Amino acid sequence: MISVVVPVHNEERSVALLYDELRSALEPLGREWEAIFVDDGSTDGSFAALTRLHAGAGDVKVVRLRRNFGKAAALVAGFDQAAGDTIVTLDADLQDAPAEIPRLLAKLDEGFDLVTGWKTHRRDPLSRRAGSRVFNSVTSRVSGVRLHDMNCGLKAYRAEVVRGLRIYGELHRFIPVLAHYRGFRIAELPVNHRPREHGRSRYGVERYLRGFLDLLTVSFIGRYRQRPLHLFGGFGLVLGLAGIAILVYLTVLKATGHAIGQRPLLTLGVLLVVVGMQFFSLGLISEMITSHHEERAPERERSELLVDEILS
């Protein structure tokens, strides 16, 4: 079964058209499928349009969140309601072409766990294209996951991929990175990207600033979650050894009769040793917290806390 999860925010004019395209793309496959529309606190008539769609189609589920929680929360709510062993996500603005879904599913059948789209000819303003190119380049280098388009909304997953991910805040941009760190096989496929016909984009420059901080979070979680002492302890050892070297140097000077009490280097050496010990202690405490956490089953934040209504 294929579950298609579609976050919706003020896309009243698009949802019915999107469903028609989904049906045209998926019915020829001969597989059972469902569409799960998640209304992320829309303020227009999106929920009314989704309600009409649900009333006329038996393969449509509608989830309504209490307010606008963001795309990550909407995706998690949709994943929780998905019954399929294959899950597809795409945006509701009609820029992602549902006709590309069979190609993503075929790529998935080659042995991959996640296939993400690559908007090779992106139909967005130059400012967004340039910012996105820089963002993707930096993310690829920092994370080690070599993809051209991290945040393409059109993706296909095996269900076990999304079941094991904890997505919150704005970490939906880094789903391929999070999946890679958990050992899943990632592939990328060029897809068609269409001009926006309805609504407007809600992304600005500030999302790239927040994205950089999120990238640091993802990198830390992926690389050092199981071994935080390697990060904090490494900093601590470097700073501590530098401080000790300075203090040894000053000790030699003192032994040869030089005054060191007024030297700024003495303050620097002591400061480096103290800060190094603090970093090392932080690493040990993090190791203790990590080992205690691993002994207990992780509790996933339930999206039901955010949901106002479900039509299934």
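This is a predicted model: local features need pLDDT of at least 70, side-chain atom pairs count only at pLDDT 80 or more; totals for chains, interfaces and linings use all residues.
Reader: Salt bridges to start. How many does the count come to?
Author: The count comes to 11 salt bridges. Side chains of opposite charge can pair when their charged atoms come close.

Reader: Take Lys61. Which side chain does it meet in a salt bridge?
Author: Glu34. The N to O distance is 3.4 Å.

Reader: Where do Lys61 and Glu34 sit?
Author: Lys61 is in strand 3, residues 60-65. Glu34 is in strand 2, residues 33-39. They are 27 residues apart, and the pair links distant parts of the chain.

Reader: Are Lys61 and Glu34 buried or exposed?
Author: Both Lys61 and Glu34 are buried.

Reader: What does Lys71 form a salt bridge with?
Author: Asp91. The closest N and O atoms are 2.8 Å apart.

Reader: And which parts does that pair tie together?
Author: Lys71 lies in helix 3, residues 71-81. Asp91 lies in the loop between strand 4 (86-89) and helix 4 (101-108). So the pair ties together parts 20 residues apart in sequence.

Reader: Why does Lys71 count as buried?
Author: Its relative accessible area is 18%, and buried means under 20%.

Reader: Next, Arg158. What is its salt bridge with Asp113 like, in Å?
Author: The closest N and O atoms of Arg158 and Asp113 are 3.6 Å apart. Arg158 lies in strand 6, residues 155-158. Asp113 is in the loop between helix 4 and strand 5 (114-119). These parts are 45 residues apart in sequence, so the pair ties them together.

Reader: Is Asp113 buried or exposed?
Author: Asp113 counts as buried, at 6% relative accessibility. Arg158 is at 23%, so it counts as partly exposed.

Reader: Which residues are linked with them in a network?
Author: Arg185. Asp113, Arg158 and Arg185 are linked in a network of salt bridges.

Reader: New topic. Which residues form the nonpolar patch on the surface?
Author: Leu237, Leu241, Ile244, Val248, Val252, Phe280 and Leu284. Together they have about 620 Å² of accessible area.

Reader: Which elements give two or more residues to the patch?
Author: Helix 9 (228-255) and helix 10 (264-294).

Reader: Which gives the most?
Author: Helix 9, with 5 residues.

Reader: Where does Val248 lie?
Author: Val248 lies in helix 9.

Reader: Why does Val248 count as partly exposed?
Author: Val248 has 46% relative accessibility. Buried means under 20% and exposed means over 50%, so a value in between is partly exposed.

Key: Residues are numbered from 1 along each chain as its sequence is written. Side-chain values use heavy atoms; hydrogens and water are left out. Patches are made of residues with over 30% relative accessible area and no salt bridge: like charges are joined within 9 Å, nonpolar side chains (Val, Leu, Ile, Met, Phe, Trp, Tyr) within 5 Å. Accessible areas come from the Shrake-Rupley method with a 1.4 Å probe; for residues, only the protein chains shown count as cover. A salt bridge is a side-chain nitrogen of Lys or Arg within 4 Å of a carboxyl oxygen of Asp or Glu. Helices (H or I, at least four residues) and strands (E, at least two) are DSSP runs, numbered from the N terminus. Buried means under 20% relative accessible area, exposed over 50%, partly exposed in between (1.4 Å probe, protein chains only).
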